[in-house]
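Please consider the sequence and the three-dimensional structure shown here. The paragraphs after it give a guided reading.

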Number of protein chains: 2
Amino acid sequence: MEKTKLKFVLASTSPRRKELIGHLKVPYEIQSLNIPEESDETDPVKFSKQISDMKGEAVFRKLLNENPSGNYFVVSADTIVCLNGKIYGKPADRNEARQILQELSGKNHSVYTAVTINLSLSGQSHKHSFVEETKVTFNTITNALMERYLDTGDSLDKAGAYGIQNGSLTFISRVDGDYSNVVGFPLSRFVIEAESFLKSKIAHEDLWLNLF
Amino acid sequence: MEKTKLKFVLASTSPRRKELIGHLKVPYEIQSLNIPEESDETDPVKFSKQISDMKGEAVFRKLLNENPSGNYFVVSADTIVCLNGKIYGKPADRNEARQILQELSGKNHSVYTAVTINLSLSGQSHKHSFVEETKVTFNTITNALMERYLDTGDSLDKAGAYGIQNGSLTFISRVDGDYSNVVGFPLSRFVIEAESFLKSKIAHEDLWLNLF
């Protein structure tokens with residue numbers, strides 16, 4: 001009996017997600033469509049899940065349109081920052097970045113990343129989503145640290161106007177929860193969720209990483 | 001009155017500490033002496049502090065020996081991993097790395113980084129040290145993830161046989177506390193401690209980052 005093989009497609013152009021997925025050491029390719037990251041949802045879990053689902057489904061449909069019998073494993077994600085019920089996406093410019101960081105300064109907020117897996121297997125489609133939440137605490141950001149950080153331009157393509165890997169570490173005092181989730185992809189939880197999801201759909205696979 | 005200027009010296013060759021200190025955007029140089037990272041201390045706070053102090057003092061003394069009237073700000077650090085009273089430093093080889101990771105697998109441990117600041121100012125010496133603790137939780141590490149991670153060689157130069165920035169994120173489920181502390185230098189706390197320490201020694205400085 002021939003072994004099932006899946007084509008792993010990451011439906012995201014984020015260099016952080018690419019780096020995190022790379023740690024799995026499995027072959028994958030990137031295909032992404034430009035989906036507006038907008039939703040009427042006010043609940044952060046539903047909001048991030050809806051955007052992640054839309055990103056993934058667009059790529060999944062395109063792949064199945066090209067090859068309806070293909071075995072695809074399409075992974076999409078969306079990361080947002082939330083404080084007191086307000087959802088923060090990516091800032092439009094340096095001024096908006098400063099304003100967001102001033103609102104987060106001296107407080108703790110939540111980072112939500114939704115992950116969606118779209119699987120097609122022998123002509124059948126399956127979907128699995130989950131949302132991970134991590135708490136992040138900022139010290140009060142002094143003007144000196146704020147301008148030094150804004151100077152780097154690191155804010156501009158990131159939800160909540162900061163990337164935890166770089167200069168914002170001068171004012172981030174605590175992380176409580178999954179660190180990679182704040183980077184943009186909850187890798188250790190994905191490992192567990194993906195394994196369990198694949199085991200439920202493909203019988204007798206002992207090492208899910210070999211499916212790709 | 002001429003402004004006081006300090007020469008910032010990082011007494012560590014760790015590329016992770018170099019990157020973290022770089023986020024401060026102040027000029028600094030690296031000078032490090034080869035100090036054996038050994039101590040009879042069994043308490044993790046005292047252990048890391050003793051090693052950090054030794055690293056810093058060696059460089060500080062050398063600098064003052066060359067130029068007794070120099071204004072130096074010498075920063076050293078030591079990072080250890082501790083589980084159930086056992087202190088883990090860097091592994092000797094891949095087999096020891098595997099053994100350490102197997103001991104940490106499925107549990108939460110503490111990472112301690114001690115930081116020592118040695119300051120010389122107008123011929124007088126001052127010292128300030130602190131130790132930051134962060135909790136890290138590992139999922140149970142499967143054989144597949146373990147060997148993939150060991151293959152990268154990332155374990156070998158790191159306390160506890162892992163670097164949190166890379167492939168170990170496939171099995172790290174939680175961080176509770178300062179993230180940069182786990183990387184090897186508690187940057188946001190350093191910002192606060194250094195500012196307070198310098199303000200106590202140098203009067204009327206409103207922006208400590210401009211001292212360098």
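The text below moves from the nonpolar cores to a helix pair and then to individual residues.

This is a predicted model, in which local features need pLDDT of at least 70 and side-chain atom pairs count only at pLDDT 80 or more, while totals for chains, interfaces and linings use all residues. Residues are numbered from 1 along each chain as its sequence is written, chains are lettered from A and ligands numbered from 1 in the order in which they are written, and side-chain values use heavy atoms, with hydrogens and water left out.

The largest nonpolar core comprises 106 residues. Such a core is a set of buried Ala, Val, Leu, Ile, Met, Phe, Trp, Tyr and Cys residues joined through side-chain atoms within 4.5 Å; buried means under 20% relative accessible area, exposed over 50%, and partly exposed in between (1.4 Å probe, protein chains only). The residues with the most contacts inside this core are A:Phe73, A:Tyr162, A:Phe190, B:Phe73, B:Tyr162 and B:Phe190. Apart from it lies another core, of eight residues, including B:Val9 and B:Tyr72.

B:Phe138 belongs to strand 6 (residues 124-138) of chain B; helices (H or I, at least four residues) and strands (E, at least two) are DSSP runs, numbered from the N terminus. With a relative accessible area of 2%, B:Phe138 is buried. Beyond its neighbours within four places in sequence, B:Phe138 has contacts (heavy atoms within 4.5 Å) that include B:Leu101, B:His109, B:Tyr162 and B:Phe171. B:Ser105 is 33 residues away from B:Phe138 in sequence, yet their C-alpha atoms are 5.6 Å apart.

In chain A, the axes of helix 3 (residues 94-104) and helix 4 (residues 143-151) come within 11 Å and cross at roughly 140°. Axes are lines fitted to C-alpha atoms, for helices over the stretch in contact, and angles run from 0 to 180 degrees between N-to-C directions. Helix 3 of chain A and helix 4 of chain A are therefore oblique to each other: angles under 35 degrees count as roughly parallel, over 145 as roughly antiparallel, 65 to 115 as roughly perpendicular and the rest as oblique. Among the residues that meet are A:Leu101 in helix 3 of chain A and A:Tyr149 in helix 4 of chain A.

Two loop residues of chain A deserve a look. A:Asn84, in the loop between strand 3 (72-83) and strand 4 (86-88) of chain A, has a positive phi of about 50° although it is not a glycine. A:Asn84 is exposed, at 72% relative accessibility.

A:Ser122 lies in the loop between strand 5 (108-121) and strand 6 (124-138) of chain A. A:Ser122 is not a glycine, yet has a positive phi of about 50°, and its relative accessible area of 66% makes it exposed.
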